[in-house]
Amino acid sequence: MIRRGRRSRQDNSVSRAEHDRIITLVNSLTDAVLSTDKDGIVTIYNAAAMSLLDVNAGIHGRHINNLLQLTTLQHQPLDVFRQLSRSPAIRVRDDILMLLKHGDKIRLEATFAPILGGHSAVADGYVLILRDITKAKSLEQERDEFISVVSHELRTPVAVAEGALDNARLLAQRGYTRKVYEALQEAHRQVVFLARMINDLGTLSRTERGLADAPEVIDLIPLVKQLHETYAPQAAAKSLAFNLDIDPQAGSVYVSRLYLEELLQNFITNAIKYTPRGAITLIVRRQQTHVTISVKDTGIGIGKSDLNKIFDRFYRAEDYRTRQTSGTGLGLYIARKLAQKLETTIHVTSRLNHGSTFSFTLPIYH
Ligand code: ADP
């Protein structure tokens with residue numbers, strides 16, 4: 001449904017079939033395409049252009065500058081016609097903002113191209129192609145921010161480990177064996193933390209790239225029993241009871257095994273970490289077409305003000321008991337991403353000093 005103005009001179013030299021093919025091609029593009037004559041009057045445009053400009057009526061015959069209010073990233077108005085007529089060849093800019101009717105702004109990439117007719121070096125008209133790059137740019141920005149936060153988070157343990165090792169070297173020269181041991185222990189603690197951080201970042205990147213997410217049929221009882229077996233020694237080392245409360249009708253689910261296991265491992269290791277005494281319970285409950293899997297603990301609990309922040313990246317509760325344990329603050333951020341991939345949401349209930357329950361629900365596979 002291309003909108004066309006007067007037939008141009010060139011139409012005479014282009015067969016009707018070819019002309020129709022070009023029109024179909026332009027209309028099938030998701031980028032907005034506008035073509036003007038040499039004075040900036042719109043002659044051709046496609047459906048995507050109408051949608052971007054949010055117009056129903058024809059825009060043929062209007063001047064391009066009256067149709068588009070564009071600015072630079074610094075909010076300087078952009079003379080679109082000038083941009084077009086100034087370009088002797090195709091030119092692309094991705095630093096353009098467009099103000100929408102309701103006040104929102106979108107980021108655009110614009111291609112300005114002259115139409116050079118015949119042998120003349122003077123343009124017969126112009127083509128403007130606009131692409132909405134708002135999402136791509138905000139992802140790019142998020143990634144840059146993430147890299148900067150990660151490097152900041154890595155810098156501290158590296159500096160502490162480096163300082164401790166330097167200290168150990170000096171102390172060793174002076175023969176202070178006990179102090180050397182302590183300094184090495186501190187350096188070791190920091191290196192273990194760094195290893196955990198790198199591991200978490202690896203899981204995060206794998207999840208975000210959607211690797212290993214092929215679904216398979218998973219029988220829940222063996223999976224939960226296996227996890228119980230794996231983590232029983234860690235719970236026992238803290239003298240915690242580790243219980244299983246499984247519905248014998250638990251059945252199967254159809255999801256990525258890796259994601260499901262990583263999500264549960266996350267909850268179990270946190271439950272063990274944040275429970276000084278009492279018990280951890282792995283619960284599997286079936287409700288007709290769905291199954292809910294929960295990890296319940298009798299640990300330190302999470303305060304109300306922390307509850308909506310624990311899924312943020314690098315967030316660790318202010319509670320001094322949290323700070324007594326080492327952690328990257330990435331576990332639940334990853335858990336939320338894993339849950340999204342599994343098409344479920346995490347539900348948390350917690351009471352300070354009484355314990356927490358992390359759960360999610362999946363459809364039963366029939
Ligand atoms: P961390 O590496 O600090 O464990 P997470 O992202 O896994 O990072 O968890 C974020 C924060 O949520 C933790 O620092 C802790 O304060 C809180 N938290 C998570 N699980 C529990 C739990 N089972 N009991 C109490 N607090 C928890």
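Is Glu208 buried, exposed or partly exposed? And what does its side chain pair with?

Author: Quick heads-up: this is a predicted model, where local features need pLDDT of at least 70, side-chain atom pairs count only at pLDDT 80 or more, and totals for chains, interfaces and linings use all residues. Residues are numbered from 1 along each chain as its sequence is written, and side-chain values use heavy atoms, leaving out hydrogens and water.

Okay, your residue: Glu208 is partly exposed, with a relative accessible area of 43%. Here buried means under 20% relative accessible area, exposed means over 50%, and partly exposed is in between, using a 1.4 Å probe and protein chains only. Its side chain meets that of Lys337 in a salt bridge, at 2.8 Å from N to O. That term needs a side-chain nitrogen of Lys or Arg within 4 Å of a carboxyl oxygen of Asp or Glu. This pair ties together distant parts of the chain: Glu208 sits in helix H6 (residues 177–209) and Lys337 in helix H11 (residues 331–341), 129 residues apart. Helices are DSSP runs of H or I with at least four residues, and strands are E runs of at least two, numbered from the N terminus. Lys337, by the way, is buried, at 16%.

Now try another pair, Glu216 and Arg257, whose closest N and O atoms are 3.3 Å apart in a salt bridge. Glu216 is in strand S9 and Arg257 in helix H8, 41 residues apart. Both ends are partly exposed: Glu216 has 33% and Arg257 has 31%. Over the whole structure, a search finds 16 salt bridges.
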